[in-house]
Every structure is written in structure tokens, then in C-alpha cells.
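Keep the sequence and the model side by side.

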Amino acid sequence: MVAKILGCLLLVVAMVGGGTVMSADKPKSSEPPKLQDTAPDFALKNLQGRTVKLSKLRKDGPVVVLMLRGWPGYQCPICSRQVTQFLNKADEFAEHNATVVLVYPGPADKLAGRADEFISGKTLPKNFELVIDPDYTMTNQYNLRWDAPRETAYPSTFVVDRAGKIQFTKVSKTHAGRSRAPEVLAALQKL
């Protein structure tokens, strides 16, 4: 009953003030997605300009979403090490029919060039995608924005199953404590 009254009040306030209506039953979370949550869908472009959509990828198998720091004003050496570790295990990810999506966030200006610079010297296997997240669209959607000087996004990893449910999550609020390929592969083995 209280929820219905609050919902009506919110609707009246929104109508009078021209604001956005939010449900009183389920407020928008400011936390990153958690285990068993439905992963928010996203569509981002890779460096060849092709759109990569989570909902389409997961039809073929699980998807590992690896949020990098992207361009905080320099190329992050810890991100480079983490990506190299995942690339070294590409065959094992392929054995699980998993696609690994590397998300490179940052200000839109020159982001594609920065991402190209980041991946330079690395070969992406068929089951890996590097996508850019200009102006933090997906980063904000997942509540991963690290809004501090010379920061972009919290380094994070999500394993999304075919049904769109998150089966593994790790969000680091520092530069360390990131997921490692073996623990992500262990999560994939349980699917």
C-alpha cells in the first residue's frame, strides 16, 4: 500500500516538475551488477567499426566482459599485463566456447586511436573482441565509473551465461585485485 502511494506521489512530482518517473518498487541501483543479476545489454564498436552486442554474443556461449581502465591519460601497465594473461589462455577460453570482450573506456576524443595503441603488438584471437566505450556509456550503465582524477573505470570482470545471468563478478576499487584468467576459467567450467 505504501509503495503504491509513493508511486503515485512520484508520478505527480514528475508530472509537475517534468522529471523522470522512477518506480517506487525498485529504485535504480548505484552498485555494479551482482551474481545472478541479468547483465545489462550493451552495444559497442570494435576498432574495425563493427557493433558488438552482448545479447548477440551470449547466444553462442558464455561471455567474459573485462572492463579495463582504458585511457586515464596513459596506457595502464596493469591492464596490459591482465590482457596478456587472458590472451595467453585464449585456447582455454575457446574450449569453453567463451567470447572475451575487452572494454576500453575513456573520453570519446581520440579513444579509438588510444585503444589501437593499447592493443598494438598483440594479436586478438577469434574469440576475443576489443571494444571502445566512448564517454563511459557502458561504464556508467554498469555503475563502474571511477570518477577521480586520472581514473576512468573500476577494473572489473563479469561472466555472463547464455541466459544473460551473471555467473562470476569481480570489481576492484583499486588498481590491484583484478581477476586472473585461471579464476575466470574455473567459473566457466561450472557452467
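Start at Phe 158. With a relative accessibility of 1%, Phe 158 is buried. Buried means under 20% relative accessible area, exposed over 50% and partly exposed in between, with a 1.4 Å probe and protein chains only. Tyr 142 is buried too, at 0%. Phe 42 is buried at 4%.

A note on the source: this is a predicted model, where local features need pLDDT of at least 70 and side-chain atom pairs count only at pLDDT 80 or more, while totals for chains, interfaces and linings use all residues. Residues are numbered from 1 along each chain as its sequence is written, and side-chain values use heavy atoms, with hydrogens and water left out.

Now the rings. Rings of Phe, Tyr and Trp (its six-membered ring) pair if their centres lie within 6.5 Å; planes under 30 degrees apart are stacked, over 60 edge-to-face, the rest tilted. The count is six aromatic pairs. In one of them, Phe 42 and Tyr 142 have ring centres 6.2 Å apart and planes at 70 degrees, so they meet edge-to-face. Phe 42 lies in the loop between α1 (2-17) and β1 (43-46), Tyr 142 in the loop between α6 (137-141) and β6 (156-160), so the pair ties together parts 100 residues apart in sequence. Helices (H or I, at least four residues) and strands (E, at least two) are DSSP runs, numbered from the N terminus.

Tyr 142 also pairs with Phe 158: centres 5.4 Å apart, planes at 65 degrees, so edge-to-face. Phe 42, Tyr 142 and Phe 158 form one aromatic cluster.
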